[in-house]
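This report looks at one strand and its partners, then at aromatic contacts. Start with the sequence and the structure.

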Amino acid sequence: MPHTDDEQLRLESLQALNLFGTEAETRFDRLTYMAAEYFGVPLAGLGLLGENSIWFKSHVGFDDIEIPRSGSLSENTIDSPLIVVEDLATTPEFIGPGSLAERLNLRFYAAHQLRTKEGQIAGFFAISDHRPRTFTEENRMALGVIARFLEEELARESEAERAQQVAKALAPKANVAVPGYAIAGASTSARVVGGDFFDWQKDVNGGITFTVADVMGKGMGAAIIAAGLRAVLRYSAATEQVGATMQRVAGAIYEDLSSTGSFVTLLHASLDVRDNVVHYIDAGHGLAMVVPEDGGVVRVPTGGPPLGLFREDTWERQSVPLGPGDTFLVFSDGVLELFDGSLASLFEVARVVSDAGSPEKAVQALAGAVDPDDLFDDVTVVALKRL
């Protein structure tokens, strides 16, 4: 293919979508199957135009996932927003020797160009049949509507990818080193980004301050609130104890949560290495426990409402000692959904932690090994173990 400056910009825009060469996804397949049914055609597909090949991100009626771009019917969508050939037998110049159209014995073909939010051509959405068809003006308008839906999905993918990069950049960079202790955390979102987050930092007394929070909702809105909350927590926790930190955070974020109709459940804790005690504030979270080295579950007391319900509240600081081998575990409710969803799942969670042996393996088993496509809720885990 001629590699002009315009083609280079187009390929860069396509690459930014992070879709070329990836597996099928329900959100695209749903539209593809719907279009095939609506038009009454046996074949439909969403193709992405790469440098030398076409990758079908979604397809129905044929098995080819990738085909050469040169000589294909679909390559013509680079130059035309809409292609309609009602009878390919009358236009043999559209079918290259050995092409997909020739192998499938296609007679009818219609394709609508798809563009990225930057205006670059990403690919096309096509429908086809083994017999000639009349394609009315109403049909053409309907195909255009479907194409716009798909372009919106492509735009959301680009925005979500950037949001995911930001979310990863905000995660703790490395485990804090505290003699006699190990800490690990992981988070997997049910969407590209979510409202769960975890964080930790070393405190002025040589211990660890750590947090797990769950913003009501999922997706971009929850992620924005989570980023703001994390910033306030980091600023306050650097110099204040857990009780004072919660009061400052509650006052700072109340207006934002109230105006968006949201709230946050949160556990904010600090490890005091001098007496091996975890001091914590639980704001409506209720999902923390100690897993002794010899197994079992010790639920830790909760206390206080979630953030966002009241401008001010007096949360009671709680404390729990950690014996040698004990693991303090705090997680989001998405972890329960990995089992049966009830509080009885706590024993299953504890078993996973005991079998894992280390915080790193425990959080990997609970949050790092799950498929985001299988999740209904975000999954976040932090495990602190006294060695």
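Is Trp200 buried or exposed? Trp200 is buried, with a relative accessible area of 5%. The model is predicted.

Strand E12 covers residues 288-291. Ala288 and Val290 point one way, Met289 and Val291 the other. All four side chains are buried. In a regular strand, side chains alternate between the two faces of the sheet.

E12 runs antiparallel to strand E15 (residues 327-331), joined by four bridges. Here Ala288 stands opposite Val330. E12 also runs antiparallel to strand E13 (residues 298-299), with two bridges. Val290 has Val298 as its bridge partner in E13. E12 and E13 form a hairpin with six residues between them. In the turn, Gly295 has a positive phi of about 95°.

## Aromatic pairs

Nine aromatic pairs turn up across the whole structure. One of them is Phe20 with Trp55, a tilted pair at 6.3 Å centre to centre and 45° between the planes. This pair links distant parts of the chain, 35 residues apart. Phe20 lies in the loop between helices H1 (5-17) and H2 (26-39), Trp55 in strand E2 (residues 53-60). Phe20 is partly exposed at 31% relative accessible area. Trp55 counts as buried at 13%.

Phe198 and Trp200 form a tilted pair too, with 5.4 Å between centres and 50° between planes. Phe198 counts as buried at 12% relative accessibility.

## Cluster and charge

Tyr38, Phe39, Phe108 and Phe135 form one aromatic cluster. Arg133 lies over the face of Phe108, 5.9 Å from the ring centre.

Conventions. Residues numbered from 1 in each chain as written. Predicted model: local features only at pLDDT ≥ 70, side-chain atom pairs only at ≥ 80, totals over all residues. Heavy atoms only, no water. Buried < 20%, exposed > 50% of the residue type's maximum accessible area, 1.4 Å probe, protein only. Pairing = 2+ DSSP bridges. Phe/Tyr/Trp six-rings, centres within 6.5 Å; stacked < 30°, edge-to-face > 60°. Lys NZ or Arg CZ within 6 Å of the ring centre and 35° of its normal.
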